[in-house]
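Hi there,

Here is the structure I promised to pass on to you. Have a look at it first, and my notes follow below.

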Amino acid sequence: MSFPILSLIVFLPAAGALLIALTYIGRKNKSSRPIAGYRFAALVLIAITMRVLILFSSPDPQIDVFAMQKAGAQGLLDRENIYAMKFPPPAPLQSSEEAVKHYGYAYPPASVYPVVLAWMAFKDVRVAWVF
């Protein structure tokens, strides 16, 4: 799929979530009570749907967080000390030596475990943060 179509597909649930969120504003009338109980569940479902759609709309994001989590997950599976590793910069900065992260894995130890599980199961660390 092309980028504009995927952007539109991700935009539609966001627009729906905004419309549902706007129903919390205003007077509460008794006729809307049966629907009101489903609004929060609908917002949660839309949030999960958007997170899944983002996995497809941006298969290889060029940001340092993605590169660090991917390299950290692979490093932990290779039994390396992820806090002593040097992480590669995102693709646009790969020619710059200053862009290499020399301070090791930047996140707490417990945050790497869901990332490693997602990397082992799906080869995509972002899956860990869908739910």
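**What I found**

Val130 is buried, with a relative accessibility of 5%; buried means under 20% relative accessible area, exposed over 50%, and partly exposed in between (1.4 Å probe, protein chains only). Before going on, please note that this is a predicted model, where local features need pLDDT of at least 70, side-chain atom pairs count only at pLDDT 80 or more, and totals for chains, interfaces and linings use all residues. Residues are numbered from 1 along each chain as its sequence is written, and side-chain values use heavy atoms, with hydrogens and water left out.

Back to Val130, which lies in the segment after α4. Helices (H or I, at least four residues) and strands (E, at least two) are DSSP runs, numbered from the N terminus. Leaving aside neighbours within four places in sequence, Val130 is in contact (heavy atoms within 4.5 Å) with Ile48, Arg51, Val52 and Leu55. The C-alpha atoms of Val130 and Met50 are separated by 9.0 Å, although the two residues are 80 apart along the chain.

Next, the core. A nonpolar core here is a set of buried Ala, Val, Leu, Ile, Met, Phe, Trp, Tyr and Cys residues joined through side-chain atoms within 4.5 Å. The largest one has 13 residues, and Ala73, Ile82, Phe87, Tyr105, Val112 and Val125 have the most contacts inside it. Two or more residues come from each of α3 and α4 (112–122). Not counting residues up to four places away in sequence, Ile82 touches Gly72, Gly75, Leu76, Phe87, Gly104, Tyr105 and Val112.

Helix α3 itself has several buried residues, including Phe66, Met68, Ala71 and Ala73, and what covers its buried residues includes α4. Just after α3, Arg79 takes a positive phi of about 60°.

Finally, how many salt bridges are there? Taking a side-chain nitrogen of Lys or Arg within 4 Å of a carboxyl oxygen of Asp or Glu, the count is two. One joins Asp60 and Lys70, with the closest N and O atoms 4.0 Å apart. Asp60 sits in the loop between α2 (33–57) and α3 (64–77), and Lys70 is in helix α3, 10 residues apart. Asp60 is partly exposed at 45% relative accessibility, and Lys70 is partly exposed at 29%. The other pairs Arg126 with Asp124, at 2.9 Å between the closest N and O atoms; both of these residues are buried.

Best wishes
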